[in-house]
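These notebook entries record what I looked up in one structure, in the order in which I looked.

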Amino acid sequence: MNNQVHEIAAHCDQLPERFIRKDDEEYGNITNASASSPTGIPVIDVSLLTSSHSELDRLKSAITTWGCFQAINHGIEGSFLDKVREISGLFFNLSADEKKKCLREENDIEGYGNDMVLSDNQTLDWTDRLYLNVLPQDQKRLQFWPQNHTYFREVVNEYCSKIEFINEVILKALARSLNLEENCFLDQYGTASKMIARFNYYPPCPWADKVLGLKPHSDGSAITFLLQGKEVEGLQVLKDGQWFGVPSVPDALTINVVDQMEIMSNGIFKSPMHRVLVSSKDQRITVAMFCMPQTEKDIGPVDGLITDGTPRLYKNVTYSIEFYLKNYQQGTRSIDACKI
Ligand SMILES: O=C(O)CCC(=O)C(=O)O
Ligand SMILES: [Fe+2]
């Protein structure tokens, strides 16, 4: 597949078969799609997490039931989040020639492209994306960054530092919520923790009900920080066999506690399955920041959680992107491959 999805949207009068979503990939009960919960995705005030026990309890409850929450008062100004939205739009609005300079190579994940084709019967996602390694600094490959766009670089770098800071706050709070020493998750990050920025662009789709922007998946990182656009929604999270819409809350970040945290918490936190629906009229742009431990480092359940009554449920693993993709290709979830 050479074409970007937005080109297919503009030039095809029939939906290419590879994009048609399959029933066996639906997981939850699709008749209940878009169900709204009486309470909805929990909203957590990050500024209270160091001082308020009840907010810490609400955080734990959010993660053990939903696996995600809407973070407010996280310390990043709304005006700065608007800049992140602005540079994302700016990238996808570049001319086709400019964007193609950032194109990923066939067997590489980094750069501009669409779904990596890993198996013959894979359903393709209705999305174009720009995928950039932002940490560690020395693993940045600037050839994939938009050329001559100092503003883009500055905003991404500043956003990365701000997310790094919030990531620490959340990791410490999650540890305290389990009555563990607050650095126990951070200690597994190593000295060169990793962060990936993924800019997702979902063009409007004339066959919106036949495709998915992103197939059901769980993220391979430890914590994912998602910045949604302000108007168009589409993200859904699976809970108790039903898909629930994740609204866009002004100035909030949607935080998912995902695969590597499931392992480190010995399964107390469950990495949420989520997917993306697309709109027939409106485009949607989101920015996911995937934070995780240093690639070369083994991770495993923290010692304090293993007791006679609660045995270790996961092996120690190096949860690399190659490991994640290998499982994806075989149709298995990498998290399941780590279970004892
Ligand atoms: O765009 C979204 O709403 C979700 C993105 C996502 O799940 C991902 O990039 O892994
Ligand atoms: Fe995701």
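This is a predicted model: local features need pLDDT of at least 70, side-chain atom pairs count only at pLDDT 80 or more; totals for chains, interfaces and linings use all residues.

**Entry 1: the metal site**

I began with histidine 217, which counts as buried because its relative accessibility is 12%, and buried means under 20%.

Which protein atoms are donors of the iron ion (ligand 2)? I found His217 (NE2), Asp219 (OD) and His274 (NE2), at 2.1 to 2.2 Å from the iron ion. I noted their spacing in sequence as H-x1-D-x54-H.

**Entry 2: strand S7**

I then turned to strand S7, residues 223–227. Is this strand enclosed or open? In S7, 5 of the 5 residues are buried, so the strand is largely enclosed by the rest of the structure.

I recalled that side chains in a regular strand alternate between the two faces of the sheet. In S7, Ile223, Phe225 and Leu227 point one way, while Thr224 and Leu226 point the other way. Every one of these residues is buried.

Which strands pair with S7? Strand S10 (residues 253–257) runs antiparallel to S7 and is joined to it by 4 bridges. Here isoleucine 223 stands opposite valine 257. Strand S12 (residues 284–292) also runs antiparallel to S7, with 5 bridges. On that side, leucine 227 stands opposite valine 287.

**Entry 3: the nonpolar cores**

I looked up the largest nonpolar core and found that it has 70 residues. Those with the most contacts inside it are Tyr159, Leu174, Phe185, Phe199, Ile223, Met261 and Met289. Helix H5 (residues 150–177) gives the most to this core, namely 12 residues.

What does methionine 261 touch, if neighbours within four places in sequence are left aside? I listed Leu171, Leu174, Phe185, Ala222, Ile223 and Phe269 as its contacts.

**Entry 4**

Next I examined strand S4 (residues 128–135), which is mostly covered, since 8 of its 8 residues are buried. S4 pairs with S3 in the antiparallel sense over 4 bridges. In this pairing, leucine 130 of S4 is the bridge partner of tyrosine 112.

S4 also pairs in the antiparallel sense with strand S5 (residues 194–202), over 7 bridges. There I noted isoleucine 196 in S5 as the bridge partner of asparagine 133.

**Entry 5: aromatic rings**

How many aromatic pairs does a search of the whole structure find? It finds 12. The rings of phenylalanine 91 and phenylalanine 92 have centres 5.2 Å apart and planes at 80°, so I recorded the pair as edge-to-face. Both phenylalanine 91 and phenylalanine 92 are buried.

Phenylalanine 91 also pairs edge-to-face with tyrosine 112, at 5.4 Å centre to centre and 75° between the planes. Phenylalanine 91 lies in helix H3 (residues 78–92) and tyrosine 112 in strand S3 (residues 111–114), so this pair ties together parts that are 21 residues apart in sequence. Tyrosine 112, like phenylalanine 91, is buried.

One aromatic cluster is formed by Phe91, Phe92, Tyr112, Trp145, Phe152, Phe199 and Tyr201.

I also looked for charges over rings. The charged end of lysine 162 sits over the ring of phenylalanine 80, 5.0 Å from its centre. Likewise, the charged end of lysine 239 sits over the ring of tryptophan 66, 4.8 Å from its centre.

**Entry 6: backbone exceptions**

Before this last search I recalled that most residues other than glycine have a negative phi, and that most peptide bonds are trans.

The peptide bond from leucine 135 to proline 136 is cis, with omega near -5°. Proline 136 is placed in the loop between S4 and H5.

Asparagine 148 is found in the loop between S4 and H5. Its phi is near 55°, a positive value in a residue other than glycine. Is asparagine 148 buried or exposed? With a relative accessible area of 75%, asparagine 148 is exposed.

Aspartate 240 also has a positive phi, of about 50°, although it is not a glycine. Its place is in the loop between strand S8 (235–239) and strand S9 (242–245). At 68% relative accessibility, aspartate 240 counts as exposed, because exposed means over 50%.

Definitions and conventions:
Residues are numbered from 1 along each chain as its sequence is written. Chains are lettered from A and ligands numbered from 1 in the order in which they are written. Side-chain values use heavy atoms; hydrogens and water are left out. Rings of Phe, Tyr and Trp (its six-membered ring) pair if their centres lie within 6.5 Å; planes under 30 degrees apart count as stacked, over 60 as edge-to-face and the rest as tilted. Buried means under 20% relative accessible area, exposed over 50%, partly exposed in between (1.4 Å probe, protein chains only). Helices (H or I, at least four residues) and strands (E, at least two) are DSSP runs, numbered from the N terminus. A charge sits over a ring if NZ of Lys or CZ of Arg is within 6 Å of the ring centre and within 35 degrees of the ring normal. A nonpolar core is a set of buried Ala, Val, Leu, Ile, Met, Phe, Trp, Tyr and Cys residues joined through side-chain atoms within 4.5 Å. Contact means heavy atoms within 4.5 Å. Two strands pair if DSSP finds at least two bridges between them. Donors are N, O and S atoms within 2.8 Å of the metal (3.2 Å for Na, K and Ca); water is not among the atoms, so sites may look incomplete.
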